[in-house]
Amino acid sequence: MLEKFSLPLKNRTLSGVFYRPDAEEFPVVIFSHGYNGYFTDFTQMCAFLAESGVGACCFNFCGGSVRDTSGLSTTDMTIFTETEDLKAVIRYCKEQKGTERMILFGASQGGLVSAICAEEYGEELSAMALLFPALCIPDDCRGRALPDNTYPEEFPLWGMTLGRNFFETLRDFYVAERLGKFAKPVLIFHGDLDPVVPISYSERAADRYPNAQLKVFKGEGHGFSKAGFREVGDMLLEFIRRMK
């Protein structure tokens, strides 16, 4: 069963879809899309999980895409407004009838956001899966500073315009210091030909988490092929079933 929902948050309204399987109790996977992505990026995987007895939830990050209609501009979006969005979705999924446990699934920038939330919500989550997680973003942001160590008011990047605050809020954020304490199972998927996020970031993350496994996909880049994405779905379902 497909259920649309909307959540009012400060100066914006988050929207998403909840896939309810035909079961009285079920785990729920919360999908977080990447930079300039959209909730439909995970439609097929959500349907696959629901048919397999697993709940799924996908949503749009406010200001996280040029297609977003939440009321938040892309120039006002930051990693931390997206963190607020995901926290609201976690609370929503927790309140849904039948939810027995929750698993975060984050892709690219959504992987960084998921990892941040996992540090705070560790006791309420059962596991986390990360698809080519963009743990490089804070380092990349520091590298984009102007010669005087400031940032422009607006910054066009990969089809979307960011605001100065996106960069400023990450200036003192260091992944090695802030992430890695989440003790539940972590499964990381990364392609060995990723030109956007070096696989070394996922290798270090797998070493940092106390209960993590890295699955390297040969020949895949940043954004998997259809075959690779199907394999991720199969492995994700197996990962969830092993937790029973």
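**Note on the pockets, sheet and aromatic contacts**

1. Helix H8 is the main contributor to the second largest pocket, giving five residues to its lining. The model is predicted: local features need pLDDT of at least 70, side-chain atom pairs count only at pLDDT 80 or more, and totals for chains, interfaces and linings use all residues. Residues are numbered from 1 along each chain as its sequence is written, and side-chain values use heavy atoms, with hydrogens and water left out.

2. The volume of this second largest pocket is about 260 Å³. A pocket here is an open set of points on a 1 Å grid over the protein atoms alone where a 1.4 Å probe fits, with protein on both sides within 12 Å along at least five of seven lines; lining residues have an atom within 4 Å of a point. A volume is the space filled by probe spheres set on the points, which are joined across faces, edges and corners.

3. Asp41, Gln44, Met45, Phe48, Lys226, Phe229, Arg230, Gly233 and Asp234 line the second largest pocket. Helix H1 (43–51) and H8 are the elements that give two or more residues to this lining. Helices (H or I, at least four residues) and strands (E, at least two) are DSSP runs numbered from the N terminus. The lining comprises three nonpolar, two polar and four charged residues; Ala, Val, Leu, Ile, Met, Phe, Trp, Tyr, Cys and Pro count as nonpolar, Asp, Glu, Lys and Arg as charged, and the others, Gly among them, as polar.

4. The largest pocket has a volume of about 500 Å³. It is lined by 31 residues, of which Gly34, Tyr35, Ser108, Gln109 and His222 are the closest to its centre. Two or more residues come from each of helix H4 (137–143), helix H5 (164–168) and helix H8 (226–241), and H4 gives the most, with three. By class, this lining has 18 nonpolar, nine polar and four charged residues.

5. Eight strands form an open sheet of mixed pairing, in the order E1-E2-E4-E3-E5-E6-E9-E10; two strands pair if DSSP finds at least two bridges between them. Strand E1 (2–9) and strand E10 (212–217) are the edge strands, each pairing on one side only. Strand E2 (residues 12–19) pairs with strand E4 (residues 55–59) in the antiparallel sense over four bridges, and Val17 stands opposite Cys58 in E4.

6. Two arginines lie over aromatic faces (CZ of Arg, or NZ of Lys, within 6 Å of the ring centre and within 35 degrees of the ring normal). Arg144 is over Trp158, at 5.9 Å from the ring centre, and Arg204 is over Tyr201, at 4.7 Å.
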